[in-house]
Amino acid sequence: MAAALQFRNLTLGYDRHPAVHHLDGMIESGTLLAVVGPNGAGKSTLFKGIVGLLPPLAGGIERHGVAAHDVAYLPQAAEIDRSFPISVYDMVAMGLWRRAGLFGGIGAQGRHDIEHAIASVGLTGFEGRAIATLSGGQMQRMLFARLLLQDARVIVLDEPFTAVDAKTSADLFDIVKRWHGEQRTVITALHDIDFVRANIPETLLLAREPVAWGRSAEVLTAENLLLARRMCEAFDDKAALCADDVVAA
Amino acid sequence: MYDLLIAPFSEFEFMRRALVGTMALAVGAGPIGVFLMLRRMSLVGDAMAHAILPGAAIGFLVSGLSLFAMTAGGLIAGCVVAFLAGLVARVTELKEDASLATFYLLSLALGVTIVSLKGTNIDLLHVLFGSVLALDDQTLILIAGNATITLAVLALIYRPLVIECVDPGFMRSVSAAGAPAHLAFLTLVVINLVSGFHALGTLLAVGIMMLPAAIARFWARDITVMILIAAVAGMVSGYAGLLLSYHSGVPSGPAIILVAGMLYIASLLFGHVGGLVRQLFPGKHLEA
């Protein structure tokens, strides 16, 4: 199986302080990977690095045969202006950007795909509703419909099931499984350890530094989870230069 | 009725010119105002209106009441202030609103100083309150040309502009078109204020931009409908304001804005979408 993403001694962070420290590893194409770790472990930071919103402090990410526009990203706290006067239909239609671009029409095929995507997330009948009227769960369903239309090879989901009810997360996870079945690479941050053990084949346990990476059952042991919690120390304003880098220099 | 509503325009050419000018202005400024409002930048129009003053004043100082010089000066000053404010906001800790405030105040002080160095009070009044009743061919062409450019550019950047407003994170993740679209939009704001100040003056130019947008917010839930309503509301205000000015003798620029203000208050009270009367007397709740 070919690699979709390769991390080489990747360090990501803010203002020189690392939030993801010395990550090495490879995500194979078609993998369904859970990224697990305490709050502040660097999960969101890693995702921003993967989608190219945050340049690495050191090391790098290689995308093998995956163009930047082949990566779709659902951030944890999307910066959506919910009061904006736009309908669910138009919002989902944004997912066709790659096909339609700045000026292209959507066409009959596009309209069909939009309706299909809206139906897949169970929002049929909501097409004309303003996004301001959606509940949190409906909002997340709508964003999944948009992701469906983006038709990306790599899909990055930052805590997609936080703050949605069981029915919604089950429905949305069906879509994730469908993506996995279609050989797409799906990387998702999750908090429910039992859920990950039961449903996701591969896990990266992160606590700034990678704690373990491999088959979910082997990674998510009690010892590893305890270790992860301890390693997530606070941001130190007076931290010295990273020893690894000093030695390397 | 004819005497009241139509005669002023059929009898006097200057009234016809004023009508054409305000119509063109409303068509361009309305949609811009809607985007400013939705981006929570309503006061940016006001700040930019002040910012173009020194440019227009320098143009005036150099070549008197020359349309070209004052327009070019206004455009340059507006774009410089918009650019500097954006730059400072990006490079330093100062937020965009604060840095815009500093530059527009500087710009305004500079403008008033320049005007007072040479001009008489009458000239200053012309710059501040415009002269919708004295639009010559050149000015009309400028205003109509600006409205045309505005609509054409808006059509070009409409998609990225809307997406950037609703979901900037998504826009960044699919395309780099967001930032250029935003810049083009700011330029359109400046262009419309410059054409507005010939007709209504710098202080009121922003009124024909923001009041119709605020009116539209109370009548539509969809941005395309909102843009249409804003343009129509601007045109109605222009027409009714000119009539008010003709029959009562009040200055035309303020009259247009006052009419727009009355439409706004009516919308605020009786608007379909979130109007006060609807909020106070919502009626019985529905079944589902």
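Buried here means under 20% relative accessible area, with a 1.4 Å probe and protein chains only. Helices are DSSP runs of H or I, at least four residues, numbered from the N terminus. The buried ones in helix 4 of chain B are B:V44, B:G45, B:A47, B:M48, B:A49, B:H50 and B:A51.

A quick word on the source. This is a predicted model, where local features need pLDDT of at least 70 and side-chain atom pairs count only at pLDDT 80 or more, while totals for chains, interfaces and linings use all residues. Residues are numbered from 1 along each chain as its sequence is written, chains are lettered from A in the order in which they are written, and side-chain values use heavy atoms, leaving out hydrogens and water.

Now, how do the two chains meet? Chain B brings 23 residues to the contact and chain A brings 20, where contact means heavy atoms within 4.5 Å. About 2,100 Å² is buried between them, 61% of it from carbon and sulfur atoms; that is accessible area (1.4 Å probe) lost on putting the two parts together, summed over both. In chain B, the residues losing the most area to chain A are B:R159, B:V166 and B:F170, together 30% of what that side buries.

Which side chains form a salt bridge at 2.7 Å, N to O? They belong to A:R146 and B:D167. The rule, a side-chain nitrogen of Lys or Arg within 4 Å of a carboxyl oxygen of Asp or Glu, finds two salt bridges across this interface.

Notes: Buried means under 20% relative accessible area, exposed over 50%, partly exposed in between (1.4 Å probe, protein chains only). Helices (H or I, at least four residues) and strands (E, at least two) are DSSP runs, numbered from the N terminus.
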